[in-house]
Amino acid sequence: MAKMLKNLVAAGVLTALAAPAAYAVDYSDDIHKNDYKWLQFNLMRSEGNKIPFGAQDTTYLEMEFGGRSGLFDLYGYLDVFDIFDSKGDDRYGGDNFFFKFAPRLSLDALTKTDLSFGPVQELYIATVTNVADSGAFGGLFEHYVGLGSDIQVPWFGKMGLNLYGRYVRENYGAPDEGKWDGYMVSTNWFKPFYHFDNGSFVAYQGYLDYKFGATTIGAEAGRSQNALEWFNGIYWHSDRYAVGYGLKAYNNMAFFKDGSDGTGFTQDTSGVGHYFAVTYKF
């Protein structure tokens with residue numbers, strides 16, 4: 001499966017590079033000309049989610065946000081797990097939250113220079129910060145930094161494509177804390193493909209994060225040097241609401257080797273999970 005997933009990532013990159021030349025984003029006259037922002041709350045239900053240590057089924061509230069302001073492009077979300085305090089929830093009595101913050105600094109806007117080429121429309125310094133609960137073994141606090149881009153891909157239109165190095169500040173006491181360990185290539189998309197007469201539409205939306213080369217954590221018993229998350233969502237959208245389903249494929253989620261009991265728990269970290277969402281947009 002790992003080989004297939006590596007080939008999938010490679011094929012996606014090659015498809016992007018073979019795409020027609022993209023239109024450049026011109027910031028020479030006003031870096032705020034393309035500003036926008038959005039905020040929404042999602043009530044989510046996950047079934048068979050391949051989080052390590054059996055945290056598979058949970059109902060949670062997600063605050064999701066993003067936008068553009070001058071030099072900066074932004075995406076992020078805050079998940080609050082077991083929102084109904086249910087004893088049947090896999091997150092009951094455990095971790096309460098996960099936070100992702102992913103700002104990108106536009107090099108085109110910063111330099112007021114057209115840096116586009118081929119399918120690449122815009123270039124960024126890209127970052128991601130992930131933070132999770134701190135418990136008996138510490139918490140999660142990791143950073144990714146690298147080169148980002150917006151690319152034009154046939155049918156999909158604009159997609160994000162980023163390559164990062166991974167720095168680990170905290171990782172529940174794992175030996176990669178305080179070290180650079182591994183890389184991540186990520187992409188994301190939002191493609192409306194069916195429109196209704198009332199203005200609502202159905203979209204194919206999702207992301208793919210492939211982490212690799214994490215040799216420090218990968219050397220530990222029950223751990224892996226690579227991990228993948230690939231979310232494929234079909235959502236109906238109106239101006240104020242959205243309802244959707246997502247199929248998410250995993251491989252060695254969070255660098256825990258699927259089927260291994262090297263961590264003292266037999267991990268189920270590869271396969272597919274299911275997500276159901278109801279959204280209110282502000």
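Author: A polar contact is a pair of N or O atoms within 3.5 Å; within protein, one must be able to donate a hydrogen and the other to accept it, and residues adjacent in sequence count only if both atoms are side-chain atoms. This is a predicted model, where local features need pLDDT of at least 70 and side-chain atom pairs count only at pLDDT 80 or more, while totals for chains, interfaces and linings use all residues. Residues are numbered from 1 along each chain as its sequence is written, and side-chain values use heavy atoms, with hydrogens and water left out.

Reader: What makes the side chains of Ser224 and Asn252 a polar contact?

Author: Their distance is 3.2 Å. The limit is within 3.5 Å, so the pair counts. Ser224 has another polar partner. A polar atom of its side chain lies 2.9 Å from the backbone oxygen of Asn226.

Reader: How do you know whether Ser224 is buried or exposed?

Author: Its relative accessibility is 5%. Buried means under 20% relative accessible area, exposed over 50%, partly exposed in between (1.4 Å probe, protein chains only). Therefore Ser224 is buried.

Reader: Where does Ser224 lie, and which residues is Ser224 in contact with?

Author: Ser224 lies in the loop between helix H3 (215–218) and strand S10 (227–237). Contact means heavy atoms within 4.5 Å. Leave aside its neighbours within four places in sequence. Then Ser224 is in contact with Ala214, Ile217, Gly218, Asn252, Phe255 and Lys257.

Reader: How many helices and strands does the chain have?

Author: The chain has 3 helices and 12 strands. Helices (H or I, at least four residues) and strands (E, at least two) are DSSP runs, numbered from the N terminus.

Reader: Why is the chain called as compact as a globular protein of that length?

Author: The radius of gyration is 19 Å, close to the 19 Å that the globule rule gives for 282 residues, so the chain is as compact as a globular protein of that length. The radius is taken over C-alpha atoms, and the rule is 2.2 Å times the number of residues to the power 0.38. Along the principal axes, the C-alpha atoms fill a box of roughly 55 × 45 × 30 Å. Buried residues make up 47% of the 282 residues. Take the contacts between residues at least 6 apart in sequence: 56% of them join residues at least 24 apart.

Reader: How do you know that S1 and S2 pair?

Author: Count the bridges. Two strands pair if DSSP finds at least two bridges between them. S1 (residues 36–47) and S2 (residues 58–69) have 11, in the antiparallel sense, so they pair. Trp38 has Gly66 in S2 as its bridge partner. S1 also runs antiparallel to S12 (residues 271–281), with 8 bridges between them. There, Glu47 stands opposite His274.

Reader: What makes the pair of Tyr144 and Tyr164 edge-to-face?

Author: Rings of Phe, Tyr and Trp (its six-membered ring) pair if their centres lie within 6.5 Å; planes under 30 degrees apart count as stacked, over 60 as edge-to-face and the rest as tilted. The count by this rule is 23 aromatic pairs. For Tyr144 and Tyr164, the centres are 6.1 Å apart and the planes make 75°, so the pair is edge-to-face. Tyr144 is in strand S6 (residues 138–153) and Tyr164 in strand S7 (residues 157–171), 20 residues apart. Tyr144 is buried because its relative accessibility is 1%. Tyr164 is buried at 4%.

Reader: What makes the pair of Phe190 and Phe201 edge-to-face?

Author: Here the centres are 6.2 Å apart, with 85° between the planes, so the pair is edge-to-face. Phe190 is in strand S8 (residues 179–195) and Phe201 in strand S9 (residues 201–212), 11 residues apart. Phe201 has 18%, so it is buried. Phe190 has 39%, so it is partly exposed.

Reader: Which residues do ring pairs link into a cluster?

Author: Trp38, Tyr75, Tyr77 and Phe98.

Reader: How do you know that Arg104 lies over the face of Tyr124?

Author: A charge sits over a ring if NZ of Lys or CZ of Arg is within 6 Å of the ring centre and within 35 degrees of the ring normal. Arg104 is at 3.8 Å from the ring centre of Tyr124. The charged end of Lys100 also sits over a ring, that of Tyr207, 6.0 Å from its centre.

Reader: Why is Lys112 called exposed?

Author: Its relative accessibility is 52%, so Lys112 counts as exposed. Lys112 is in the loop between helix H2 (107–111) and strand S5 (120–135). Its phi is near 50°, a positive value in a residue other than glycine.

Reader: Why is Tyr172 called partly exposed?

Author: Tyr172 has 31% relative accessibility, so it counts as partly exposed. Tyr172 is in the loop between S7 and S8. Its phi is positive too, near 55°.
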